[in-house]
Amino acid sequence: MEDAQSVDLLIDSTTSKIQLLQKAFAELESHRAVTLNLKWKQIEEHFHGLQKSLKRRFTELEDQEKEFESKTTEAWQMLEKREAAVIAKEQSSLKRLQERRDAAVSAISNALQKPRKLTSSEPAVLISEHQSESTFVEEKQSDAIAAERSLEDMNKSPKNENMVVKSYPQLVKLCQEMDSSGLQKFISDNRKELSTIREEIPPALKAAADPASLVLDSLKDFYRMEASNLDGKKDPCLLGLRRTCIMLMECLSVLLANLDISSVADIISEEVKKRAKLIAQDWKPKLDNLDVDANNGNSLEAHAFLQLLATFSISSDFDRDDLSKLIPMVSRRRQTADLCRFLGLSEKMPGVINVLVNNGRHIDAVNLAFAFELTEQFSPVSLLKSYLGEAKKVSSPVKIGNASPAVQNEDCERELTVLKAVIKCIEDHKLDEEFSPGPLQERVLQLEKEKAEKKRAIEVAKPQPKRPRANGSGHGPRVSNVAADKSFYARATDRYPPYMYDRPYVYPGPTDHHVPLLGSATYAMPPGHGNFFGNGFQYQASYIH
C-alpha cells in the first residue's frame, strides 16, 4: 500500500517538474543562435499525455488488486465453511457409531449376565455370540445389530412365538422319528405350501431328539453320486433337494434364535460342530468349479456352504478372505446380507462390491451398497449409469440397417434386459429423484413395440398352406377372411406373451429403503432371455426359499 501511495505522489509531482522544464526551455530559447522548430506547446502536450496514460494504468492496476483480494477472501470463507461442515459430519458419525457400540455392548452384557429367552428384538445377538472367538468384538457388535432387524419380521409371527405346529402335524412326526429323507420328501411333495411349511419347521425341529443331527443328515444327498455324471443345474430333483437343504439350515437357525444359551449349547454340541466341519471341508473344494449360476450370483452350492458355517458356528475354521471371495457367487440370493453379517464379513463388503463392479454386475453392487450403508462410497446413480454405458459398448457392432433379423432381435432383447434391471433397481431403492426412470420406461415401451411389430411382420410373411377344393381335387385359390382359417395362427396374446413381473427383489438392510414407486411396475427378466453378456448382465428371477 505504501508503494502505491509513493507512485501516486510521483505522478502528481510531474506538474511542478514540467513547470521547471518550461523555465529551462525559455532560458535556452533566449540564448539560441538559430530558431528551433520545436515549440514548447508540443513538449507540454507530450508530457501531459504521458501523465494521463500513467494514471489510467495505475487505476487499472488498483482495481485488479482489489478484485483479487475480494476473490481471495471469498475462497477462504468457502474453505472455512467446508472445513466446518466436514468436522460436523465427522462428529455426527462418531456419535452415531458410539451409540451403536454402546447399544451392542449393553445387549451382549445383558445376554451373558442373565441367561434368558431371547425376545424378538435380540435373535441376532445370540447368533453373534456363537460366532468364533477370533472374530473382532467391534465387528460382532455391528453385525449383530444389523442382523437383528432382518429377522425381526419372522420372529414377530405368533407361530414362532408359540413354537406350535398347527397345519402340518406330519412334520412333528417325521422330526420325532429323525427321518431326514421323509422330511425332504414331505417338503418336496408340498412345495406349493412352502411359506406355511417354512414357518412350522422350526417348532417341528424342536420335537426332534437331536435337531442339529437331523439337519446334518438331510445334507447327505446334496452332492449325490448318481448325479455326478450329469449337469446338476439341469436336474430339477437335485435343485429342489438343495433348496430344501438350505431351508432346513435356515429353520434350524430360527429355532436356535428362540432358545436360551444353554439349550443352544446342548443342540450345537462339539460333536455336532465336528461333523459339520467335516461336511464343510468336503464341500469347499467343489466350489472351485461352479457353473454360470455362480457367475450370475445365484449359486446354491456356495449359499449352502456359507449357511452351513453360519448355522453351526464353524466359520472360525475358515479364512475370512476365502469366505469373502464366495460372496459374489451368492450376491443375488436374498439371504446374502444376513449371512455376511453372521459370518463377520461386513468389513469385506467394499472389496466385494468392487469385484462385482469390475465384473459388470452393477445391480448386485448397488443392492449390497444399500444393505451395508455404503452408498456414500459407492454412488448408486453412478453405478447404474456406468452399467447402462457398459451395456451399450457390449451391443453388436453391426449397424442396425445391415444386421440380420436375428442379430437385431438379440440386441433388442439385450437392451430390454438391461433397461428393466436398472428400472427395477431405481424403484426398489427409491432413486427416482436422483435418477428419473421416465426416459428408460419410454425406451422399454418403444423396444417392446418394435419387437412386437417385427414378430408380426415375420408371421405375416410366412407362407400359408394351400387349401384343397371342396370336391377334394386339385387346389383352389387362396381364400381370405375365412373363419376356419383363423385358427392357423395363434392369438396375439399367445404369440406375444406379456412379461411376468415378479415381486421386488432387494437385500434386507439395516433400514427399510426398499419401497417401490407408487403405481409403478416391478420389472423382472423373462426366462428366455439367456445369458447375453457372460459377465452378469442377466438378472433372472431366482427360485429362493
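Asp364 is buried, and Arg361 is buried too (under 20% relative accessible area with a 1.4 Å probe, protein chains only; exposed is over 50%, partly exposed in between). Their side chains meet in a salt bridge at 3.5 Å, N to O (a side-chain nitrogen of Lys or Arg within 4 Å of a carboxyl oxygen of Asp or Glu). This is a predicted model, where local features need pLDDT of at least 70, side-chain atom pairs count only at pLDDT 80 or more, and totals for chains, interfaces and linings use all residues. Residues are numbered from 1 along each chain as its sequence is written, and side-chain values use heavy atoms, with hydrogens and water left out.

**Salt bridges**
- The count comes to 20 salt bridges.
- Glu413 pairs with Lys451, with the closest N and O atoms 2.5 Å apart.
- Glu413 counts as buried at 12% relative accessibility, and Lys451 is buried at 11%.
- Salt bridges with shared partners join Glu410, Asp411 and Arg414 into one network.
- Lys277 and Asp317 also form a salt bridge, at 3.0 Å, N to O.
- Here Lys277 is partly exposed at 25%, and Asp317 is partly exposed at 41%.

**Nonpolar core**
- The largest nonpolar core has 97 residues (buried Ala, Val, Leu, Ile, Met, Phe, Trp, Tyr and Cys joined through side-chain atoms within 4.5 Å).
- Phe305, Leu308, Phe312 and Val422 have the most contacts inside this core (heavy atoms within 4.5 Å).

**Confidence**
- The chain's average pLDDT is 75, and 68% of the residues score at least 70 (the predictor's confidence in each residue, from 0 to 100).
- Over residues 115-161 the pLDDT is below 50.
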